[in-house]
Amino acid sequence: MILKLHRLIFAAVAFLFVGSPAIAGIFNPETATLDNGMKVIVIPKHSAPVVTHMVWYKVGSVDEPQGKSGIAHFLEHLMFKGTPKYPNGQFSEIVARNGGQENAFTSLDYTGYFQSIAKDRLDLVMELESDRMRNLIIEEAETETERNVVLEERRTRTDNSPGSRLREQAMASFYMNHPYGRPIIGWEHEIRDITVEDLKAFYDTWYAPNNATLVIAGDVTLAEVLPLAEKYYGVIVARPLPEPVKWIEPTRLVSQTVELRDANVREPSWSKRYRAPSHIYDKSEHAYPLEVLSEILSGGSTSILYSALVVDQKVASSAGAWYWGDGRGPGSFGLYVAPAPGQSLDTASEAMEAEIERLITEGVSEDDVARAIIRLQDSAEFAKDSFSGIARIFGSAITSGQTIDDIEQWPERIGAVTVDQVNEALRLVLDTDIAMVNRLLPLESAEVEEPANPEEKS
Amino acid sequence: MRTHALSNGPSNALAMAGLVVVSLAVLMATVSNARAVDIQEVTSPGGIKAWLVEDDTADLVSMSFSFRGGSALDPIGKEGLADLVASTLDEGAGDVDSESFRRRLEDQSISISFSNGRDNFSGSFKSLNRYLDEGIDLLSLALNSPRFDEEPFERVRGQILIGLSRDKTNPNAQGGKALFKTLFDNHTYSRPAGGTEESVKAITRDDLRQFVAENLTRDRLYVGVVGKITAEALAPLLDKAFASLPESGKPFEIPAVENIAGGELIVLDQDIPQSVALFAQPGIDRDDPDFYAAYVMTHILGGGGFSSRLTEEVREKRGLAYSTYSYLAGYDAADLLIGGVSTRNDAIATSLDVIREVWTNMATEGATAEEVNDAKTYLTGSYPLRFTTTSQIARTLAAIQYQGLGIDYIDQRNSFIEAVTLEDVNRLAKTLLDPDALTVVIVGKPEGVTPTGPAPVTGG
């Protein structure tokens, strides 16, 4: 049960759109919709006799009731506990005994479950996965033990890491109204307060075939899969789903700096987060240009930011940018920098701001755009190399409101981006004082001790 | 870090839910074997050997290669040398300076990267076929005539120094260094593979050149290639990349570790809410006849894939941790059984007590027939999942050669596991597992534990 925190989401997004879709016809997905509304996507890949079988629910931390943060993720843990037919954790035992590997993940917008397994075991995992879509037992004692596991997970991911704690607090401020500001793993006090009834209600509300997408990548075809899908998933009755809340972020009028000083920070770092359109929220025509912009600024060591700040000016040890525009809600664009040895955080961050100012004035060049487009399109071919990677591309896109065409036509759409569009998007997003700066710093009094280290010389 | 191609690292320690051992005979069909991966041994006109698996799923080629000899060879006081070489080898070569070199790679989506373990120095290469010739040219340049110019050298060294500084408050990094320092005393394995701030500062560009000249040689090279390429097309590329390397390098021998420190408990004080514990005891040699019994046993104890005993006792029954695991880690001169757990400070002592009990119980009572069966069907049935990306397969091909396992190893491997019996596992558990031999390093503010000695100085 892994949990994708925001940073991981950005990594996944980078994979989705830097390491992913394809020249039309490359993935060649085969699709169907069951009578109960469950979507089926099969991406044949015959290089090994295995399949990755995933069920994606369009429910993430954004869908949690107020005061119940972490419930989507908590439920994901409990999904491994049992059903009347396969009680007491038999799900995992059976998958393992059949040579399968499995896991699950919870994100802002979706929750996914997957098994990778020999193709002749597909029938088995489909039976198991469909069983827990409807028949989960949520039991008091197991829930209490699992709550402690989740709290330990929170300590591992967040509490033990100053960078994660800063990010959690920053997100809570960055979003004024949208539930993207809530930590996926949940605030500790709310994790402690979630009840069995809350969990059951959340499960009953969202775990329905008409809220799910089946994605299978591997050594199969839709023709082979569809009868199984109908047999196992097709018999589950569709249920009415809540009307999705249309969260709108109010206009932000203030800039903000959030800063964490901590004894466990040795090296400072800086980041700045801007609001940005996403593929389906706000001015979405800027989404593809923003993907190209992110590649120009940050795609590799010859990108603009690394070249300027790390190589030429030597003020930074790392520098880059990210764009996240793949969620159901608002997007964001970010910049980050960490100083080189002997340089201050202010020197590094001021150099970053100056570089952005220069770009706003001068714009990126035709050549910058052309190079970025080639790299992004090349990445589509690399994406065909991984079973689970392909399945994730489709699952995350579909549960976040995008379409199969969006994936299949991605290379052409990226290829159509012009330098004027990139510069327009650049100025739209970055030419503003309304943004949030994050600063992670050592304690003011901290003195870096250099222990004499005689043993190293012996 | 090289581990056995077989080891169950924490990375595949899947977090599972509860395990109650109930037999489901209906579903206990024997898992079919991996479709044999068709490996060709290619020898180039210049005498470079490589194993090739053709795969035309995508129009690309992945290559993985490994030279015997890694950070264990770093000169005393220059720890981190191999690491620094790995990070600067792709920063300019021949008459191509760093910026141009990186630009040619990135503009053609060619990826070349290097990494080092304690015992080897590895590279990985991936390119779309339309850029393949250019990619191999650049790889050849990097291996045969790296420039190590001052600008990239100082830049990369600065990045490494920042990383080492960050590691000082990274409990896993600190714990790992302290564990190796404690286990291996004054052996070369006790030294941090990434070096210390002091040792990295002492490294010169000449040291890098010397490392390359002495260690990146043909007699130490193992190559695996996977992708849309034929043996005929590959052969000349192998020559271009590797044939000009020196035939042999400076001889070396890593002395076998004579004594692995057991029973130590070290605490590294850090103000964090959750203690991070790493533990280890002696493992088993890859060539030992009982290796596969140990592999199955370790999987039952703390492997990934389904609820291991550690996960069952620590996580499922008691909610003491999100993750706990064990795996066999093999090095050329030592073998370990390593584990880990992270638990809030006031309960880490309980987690460690439970883990020692699991250890004792496995040693004295052994595993059940059902556990052994389940472990075997998992380990054999999941083997094909390791052959699902070209880079993953290429890495496996290079590792099998490095370990001297033979070209039929992939076909035979499952039969080695199937041959393991309950008696093998239990006999092995009795001789291998020793809770008193566990050396534990805890980073945090653990309550209720008594260190056996002061924290070792590992630098940083």
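What percentage of the 458 residues in chain A do buried residues make up? I found that buried residues account for 56% of them. I called a residue buried if 20 or more other C-beta atoms, placed from the backbone, lie within 10 Å of its own, exposed if 12 or fewer do, and partly exposed in between.

**Conventions.** I noted that this is a predicted model, in which local features need pLDDT of at least 70 and side-chain atom pairs count only at pLDDT 80 or more, while totals for chains, interfaces and linings use all residues. Residues are numbered from 1 along each chain as its sequence is written, chains are lettered from A, and ligands are numbered from 1, in the order in which they are written.

**Chain A as a whole.** I looked up the secondary structure of chain A and recorded 18 helices and 12 strands. These elements are DSSP runs numbered from the N terminus, with helices (H or I) of at least four residues and strands (E) of at least two. Along its principal axes, the C-alpha trace of chain A spans about 65 × 60 × 50 Å. The radius of gyration of chain A is 23 Å, which agrees with the value near 23 Å that a compact globule of 458 residues would have. That radius is taken over C-alpha atoms, and the globule rule is 2.2 Å times the number of residues to the power 0.38. I then turned to contacts, for which the C-beta atoms of two residues, placed from the backbone, must lie within 7 Å. Among contacts in chain A between residues at least 6 apart in sequence, 82% join residues at least 24 apart.

**Strands of chain A.** I next examined β3(A), residues 39–44, where 5 of the 6 residues are buried. Strand β2(A), residues 30–33, runs antiparallel to β3(A), and 4 bridges join them; strands count as paired if DSSP finds at least two bridges between them. Within this pair, Ala32(A) stands opposite Val40(A). The hairpin of β2(A) and β3(A) has 5 residues between the strands, and Gly37(A) there takes a positive phi near 100°. I also found β3(A) paired in the parallel sense with β7(A), residues 212–218, over 6 bridges. Ile43(A) stands opposite Ala217(A) in β7(A).

**Strands of chain B.** In chain B I looked up β1(B), residues 40–43, which is joined by 4 bridges to the antiparallel β2(B), residues 49–54. Gln40(B) has Leu52(B) as its bridge partner. Their hairpin has 5 residues between the strands, with Gly47(B) at a positive phi near 90°. A parallel pairing over 4 bridges links β2(B) with β6(B), residues 221–227, and Glu54(B) stands opposite Gly227(B) there.

**Where the chains meet.** I recorded 68 residues of chain A in contact with 71 residues of chain B. Elements giving two or more residues to the chain A side include β5 (101–106), β6 (111–118) and α5 (140–159). Of these, α5(A) gives the most, with 10 residues.

**Gly82(A).** I located Gly82(A) in the loop between α2 (71–78) and α3 of chain A. Why does Gly82(A) count as buried? It does so because it has 25 C-beta neighbours inside 10 Å. Leaving aside neighbours within four places in sequence, Gly82(A) is in contact with residues including Pro87(A) and Ile137(A). I also noted that Gly82(A) and Asn135(A), 53 residues apart in sequence, are 8.3 Å apart in space, C-alpha to C-alpha.
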